[in-house]
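Hi,

Here is the structure I promised to pass on to you.

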Amino acid sequence: MPVSYKDIGLVSSKELFAKAVKGGYAIPAYNFNNMEQLQAIIMACVETSSPVILQVSSGARKYANATLLRYMAEGAVEYAKELGGSIPIVLHLDHGDTYELCVSCIESGFASVMIDGSHHSFEENVALTKKVVEYAHKYDVTVEGELGILAGIEDEVKAKEHVYTKPEEVEDFVTKTGVDSLAIAIGTSHGAYKFKPGTNPEIRLDILHEIEKRIPGFPIVLHGSSSVPPELVKIINDNGGKLEDAIGIPEEQLREAAKSAVCKINIDSDGRLAMTAAIRKVLNEKPAEFDPRKYLGPAREALRELYKHKIINVLGSNGKA
Ligand code: G3H
Ligand code: 13P
Ligand code: ZN
């Protein structure tokens with residue numbers, strides 16, 4: 001039985017984006033695959049009174065089961081109320097690659113979907129994105145498109161080099177497709193290895209500003225925006241891990257971007273690092289421990305702190321719920 005996001009207490013990102021663009025902040029888009037991640041996200045957002053976009057990738061749906069994830073998001077709405085805060089929660093498909101996947105998500109309570117046609121030609125990207133928009137808008141579901149290619153890994157797709165978004169294409173893309181927001185490539189990338197050691201970790205804010213001039217006030221999305229905190233990498237490596245030369249996006253640059261029309265910032269890898277660091281530390285320090293709650297509990301706590309830090313110091317979405 002298809003279900004609408006409206007019936008389960010979720011909201012669409014349309015009004016949230018309009019407010020964020022005007023207010024000079026970005027909404028956190030945090031990925032989740034399991035209960036502890038979801039609990040940490042909701043606790044952090046309620047405690048800071050921030051709206052939130054819960055992101056589910058196709059990999060997450062395969063890992064956790066689509067039905068379970070949808071009910072977890074529904075549970076998150078009630079959980080937030082129980083914690084004393086009624087915050088706007090969006091359930092969003094991250095990196096949808098087919099029309100069919102987008103339809104399936106919309107039918108199971110998603111309020112927003114990304115159709116990532118960035119690996120296709122411009123014309124094919126337009127055609128696919130437009131088709132998803134036509135379906136989604138019938139149900140007041142918002143659609144995120146993407147122009148330009150991020151270096152790094154996106155699910156099964158791996159790109160070696162960045163293909164920066166061409167500012168001269170954005171207006172045409174947005175007009176032809178009817179998308180509600182646009183993900184752009186300005187030097188961010190997925191995963192923990194975003195820059196080569198010895199190079200300057202800098203994103204192309206100049207391209208962002210050029211894009212903003214072409215589509216003033218239009219909601220822009222940044223993927224691949226983890227900062228890969230060196231202290232987390234150190235905890236992992238000090239406790240048996242082996243992450244070499246992991247480098248992320250400096251937080252000041254993300255804060256700068258969030259002040260502009262960038263209204264959604266995607267963060268997944270930093271959460272993975274925080275969780276792994278906490279788990280490795282417990283297991284290394286207490287080798288006799290075998291109750292998962294004893295390492296997943298500290299991992300959840302580390303995630304909650306990380307998410308709050310991002311909201312307050314990077315995104316600026318605290319108090320905007
Ligand atoms: O952009 C990718 C997100 O970090 C989701 O990653 O596809 O491994 O779940 P995943
Ligand atoms: P990170 O790998 O930088 O966390 O990016 C996540 C992302 O873009 C999810 O779509
Ligand atoms: Zn992404």
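**Cysteines**

A disulfide is a pair of cysteine sulfur atoms within 2.5 Å, and by this rule the count comes to 0 disulfides. Take Cys105: it is in no disulfide, and the nearest cysteine sulfur, that of Cys102, is 6.8 Å away. Cys105 is buried, with a relative accessible area of 0%. (Buried means under 20% relative accessible area, exposed over 50%, and partly exposed in between, with a 1.4 Å probe and protein chains only.) Cys263 is in no disulfide either, since its nearest cysteine sulfur, that of Cys45, is 16 Å away. Cys263 is also buried, at a relative accessible area of 0%.

**How to read the model**

This is a predicted model, in which local features need pLDDT of at least 70 and side-chain atom pairs count only at pLDDT 80 or more, while totals for chains, interfaces and linings use all residues. Residues are numbered from 1 along each chain as its sequence is written, chains are lettered from A and ligands numbered from 1 in the order in which they are written, and side-chain values use heavy atoms, with hydrogens and water left out.

**The zinc ion**

Which residues are the protein donors of the zinc ion (ligand 3)? They are His95 (through NE2), His190 (NE2) and His223 (ND1), lying 2.1 Å from the ion. Donors here are N, O and S atoms within 2.8 Å of the metal (3.2 Å for Na, K and Ca); water is not among the atoms, so sites may look incomplete. Along the sequence, the donor residues follow the spacing H-x94-H-x32-H. His95 lies in strand β3 (residues 89-96) and His223 in the loop between β9 (220-222) and α9 (230-238), so this pair ties together parts that are 128 residues apart in sequence. (Helices, H or I with at least four residues, and strands, E with at least two, are DSSP runs numbered from the N terminus.)

Both His95 and His223 are buried; for His95 the relative accessibility is 12%. His95 has one more feature to look at: its phi is near 55°, a positive value in a residue other than glycine.

**Around ligand 2**

Next, please find ligand 2. Of the 16 residues around it, Asp94, Lys194, Ser226, Asp268 and Ser269 come nearest; a residue is near a molecule or strand if one of its heavy atoms lies within 4 Å of it. By class, this shell has 1 nonpolar, 12 polar and 3 charged residues. For these classes, Ala, Val, Leu, Ile, Met, Phe, Trp, Tyr, Cys and Pro count as nonpolar, Asp, Glu, Lys and Arg as charged, and the others, Gly among them, as polar. Strands β3 and β10 (262-267) each supply at least two residues of the shell.

Several atoms of the protein make polar contacts with the ligand. (A polar contact is a pair of N or O atoms within 3.5 Å; within protein, one must be able to donate a hydrogen and the other to accept it, and residues adjacent in sequence count only if both atoms are side-chain atoms.) A polar side-chain atom of Lys194 lies 2.5 Å from an oxygen atom of ligand 2. Ser225 uses a backbone N or O atom, 3.1 Å from a ligand oxygen, and Asn266 has a side-chain N or O atom 3.1 Å from an oxygen of ligand 2. The protein covers 96% of the 310 Å² of accessible area that ligand 2 has on its own (areas come from the Shrake-Rupley method with a 1.4 Å probe; for residues, only the protein chains shown count as cover).

Is Ser226 buried or exposed? At 2% relative accessibility, Ser226 counts as buried. Its side chain reaches the backbone nitrogen of Asp270 at 2.9 Å, and a polar atom of that side chain lies 3.3 Å from the backbone nitrogen of Ser269.

- Lys310 lies in helix α12 (residues 292-315) and is buried, with a relative accessible area of 1%.
- Asp140 sits in the loop between α6 (122-137) and β5 (142-147). Its phi is near 55°, a positive value in a residue other than glycine, and Asp140 is partly exposed at 45%.
- Asn318 is in the segment after α12 and is partly exposed, with a relative accessible area of 32%.

Enjoy exploring!
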